[in-house]
Amino acid sequence: MPADLTGKRIIITGAATGIGRSTAIMAADCNAEAIAIFDVADAEAQDTANAINSATGSSTVAKCWHVDVADRASVEGGVAAAIQWMEGIDVLLHFAGIMDGAYTPIDSFEEATWDRVIDINLRGTYLIAKQVVAHMNRQPNGGVIINTASGAGVTGGSSSYAYGASKGAVHGFTMVMQRHIDMSKIRVQDIAPGRVRTPLVLENLRQQLENTGNQAQYDAEVAALTDPDDVAKIATFMASDAAKVMRGPVFTR
């Protein structure tokens, strides 16, 4: 059965492409009341909003904002504007993230690359969680926050030192939130997608092909990628009231 998100007001970051886009569209299919789309890819984010509004027959189900999750002012302004538009918030689905520095040896790893990945993946998670929790704490019904970690840095390594470090840290940050936030009011979890057919993963595999020249391996790994819609099904369920007793991370293939 599909998740029931009837009446839910949702912010989804990184919703221009990949898992974020699939989840935004699926949330609308699950009867979400309002979906605020945050991304820096303005044209693609607007395309996601247009697809939702066209499918639902309403011009007011989805709206997008240009939000750089690594920038405090951008996050503060985006969250405030979205919550004013939705008249509250029930769910944050935080997918925004990047992978840079794949296959770069540590002794050649640029500090600027490290900082950019950590800023977007980790600082961005902290900044948006901080803003959303402040609003959810003022609501009688609290809410749900789903962060995005990864097997990289949690159960294994990564092709990028910075990416693995950032996702391991997001997982740790989520566990600290679970310990210190009133879980009877705000449920906090993280989802750790595996190898999913997203622009980020496809670019990573392209770089691997450049390094190895192994076309057969590339073709096999691309063919084995998980469809973003399959991860979106899990994310929308996690956001629903049916998952209210769930705890801990959820890993996907």
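At what angle do the axes of helix α4 (residues 111-136) and helix α5 (residues 161-180) cross? The two axes come within 8 Å and cross at roughly 20°, where axes are lines fitted to C-alpha atoms, for helices over the stretch in contact, and angles run from 0 to 180 degrees between N-to-C directions. That angle makes α4 roughly parallel to α5 (angles under 35 degrees count as roughly parallel, over 145 as roughly antiparallel, 65 to 115 as roughly perpendicular and the rest as oblique). The structure is a predicted model, in which local features need pLDDT of at least 70 and side-chain atom pairs count only at pLDDT 80 or more, while totals for chains, interfaces and linings use all residues. Residues are numbered from 1 along each chain as its sequence is written, and side-chain values use heavy atoms, with hydrogens and water left out. Helices (H or I, at least four residues) and strands (E, at least two) are DSSP runs, numbered from the N terminus.

The crossing of α4 and α5 is right-handed, meaning that the near helix is turned clockwise from the far one by less than a right angle. Contact, defined as heavy atoms within 4.5 Å, involves residues of α4 including W114, L122 and V133, and residues of α5 including Y161, F173 and M177. The residues of this contact comprise 15 nonpolar, 3 polar and 1 charged (Ala, Val, Leu, Ile, Met, Phe, Trp, Tyr, Cys and Pro count as nonpolar, Asp, Glu, Lys and Arg as charged, and the others, Gly among them, as polar).

Among the elements covering them are β1 (9-13), β2 (34-39) and α8 (228-239). Just after α1, N31 takes a positive phi of about 75°.

The axes of α1 and α8 also come within 8 Å, crossing at roughly 55°, which makes α1 oblique to α8. This crossing is right-handed. The contact includes I19 and M26 of α1 together with V231 and A235 of α8, and its residues divide into 7 nonpolar, 4 polar and 2 charged. D230 lies in α8 and counts as partly exposed because its relative accessibility is 38%.

Definitions and conventions. Buried < 20%, exposed > 50% of the residue type's maximum accessible area, 1.4 Å probe, protein only.
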